[in-house]
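Colleague: I'd like to learn how to read a new structure. Could you walk me through it?

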Amino acid sequence: MEQFPALNGLSVSYAVLIYPSGSVNPVHTHPRSAELLFLVQGSLDVGFVDTKNKLYTQTLQTGDIFVFPKGLVHFQYNADAKNPAIAISAFGSANAGTVSLPNTLFNSTIDDSALALSFKTDVATIQKLKSGLKG
Ligand SMILES: *[C@@H]1O[C@H](CO)[C@@H](O)[C@H](O)[C@H]1NC(C)=O
C-alpha cells in the first residue's frame, strides 16, 4: 500500500522479490497476513517456525509455491552460488507489515542489558550483534 495507495481497504497485495546468489531475506514475520510465495526463477530454501518451535523447510524449484502462515517467523535463502532467484509473494492484506527480527531486536534502542538477559548472554555479545546492523 505504501507503493500503491489504491490498495487501501482492499485486503490484497503482492511483492516481487529478487534474491541475488547467496543472499538471505532475514528472519521476519508479517503481523497482518499469511504469505503465498511463487518461485518464478531459480531455487530457494524457505522455512518457517511454528508456535512450538518446529521448523518447516523446503527447497523450492522454479514453479513451486509455499505458504507462510500469518505471524510466524520465516526466511528465504538463495543458497545457489551462481544464479539469482525471483519470487512473487501474495498477501491477504493491503498492508501485511514486516517485522525483521534482526532489526527489531538488534537495531532498535532496546536496552543492552535487557537483551543480554533475554538471550542469556553478555552485553558484549549483544553489542557485537548490534554493530553488524548499524546503517
Ligand atoms: C538500522 O537502523 C538504521 C537507522 O534506522 C538504518 O538506517 C539501517 O538501515 C538499519 N540497518 C539495517 C541492516 O537494516
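Predicted model: local features only at pLDDT ≥ 70, side-chain atom pairs only at ≥ 80, totals over all residues.

Colleague: Okay, pockets next. Which strand gives the largest share of the lining of the largest pocket?

Modeller: The general idea is that rolling a probe the size of a water molecule over the atoms shows where empty space is left. Here, β1 gives the largest share of that lining, with 4 residues. Both β1 (13-19) and β2 supply at least two residues. The largest pocket has a volume of about 510 Å³ and is lined by 22 residues, with Gln-3, Tyr-14, Ala-15, Phe-91 and Thr-98 nearest its centre.

Colleague: And how many of the lining residues are nonpolar, polar or charged?

Modeller: There are 10 nonpolar, 10 polar and 2 charged residues in the lining of the largest pocket.

Colleague: You brought up β2. Which residue in β7 stands opposite Val-24?

Modeller: That's Tyr-77. Strand β2 (residues 24-29) pairs with β7 (residues 73-77) in the antiparallel sense, over 3 bridges. β2 also runs antiparallel to β9 (residues 99-100), joined by 2 bridges, and there His-28 stands opposite Ser-100.

Colleague: What about charges? How many salt bridges does a search of the whole structure find?

Modeller: Side chains of opposite charge can pair when their charged atoms come close. The search finds 1 salt bridge here. Asp-112 pairs with Lys-130, their closest N and O atoms being 2.5 Å apart. This links distant parts of the chain, with Asp-112 in helix α2 and Lys-130 in helix α3, 18 residues apart.

Colleague: Are those two buried or exposed?

Modeller: Both Asp-112 and Lys-130 are buried.

Notes
Residues numbered from 1 in each chain as written. Heavy atoms only, no water. Salt bridge = Lys/Arg side-chain N within 4 Å of Asp/Glu carboxyl O. Buried < 20%, exposed > 50% of the residue type's maximum accessible area, 1.4 Å probe, protein only. Pairing = 2+ DSSP bridges. 1 Å grid on protein atoms, 1.4 Å probe; cavity = no way out; pocket = protein on both sides within 12 Å on 5 of 7 lines; lining within 4 Å. Points joined across faces, edges and corners; volume = space filled by probe spheres on them. Nonpolar A, V, L, I, M, F, W, Y, C, P; charged D, E, K, R; others polar.
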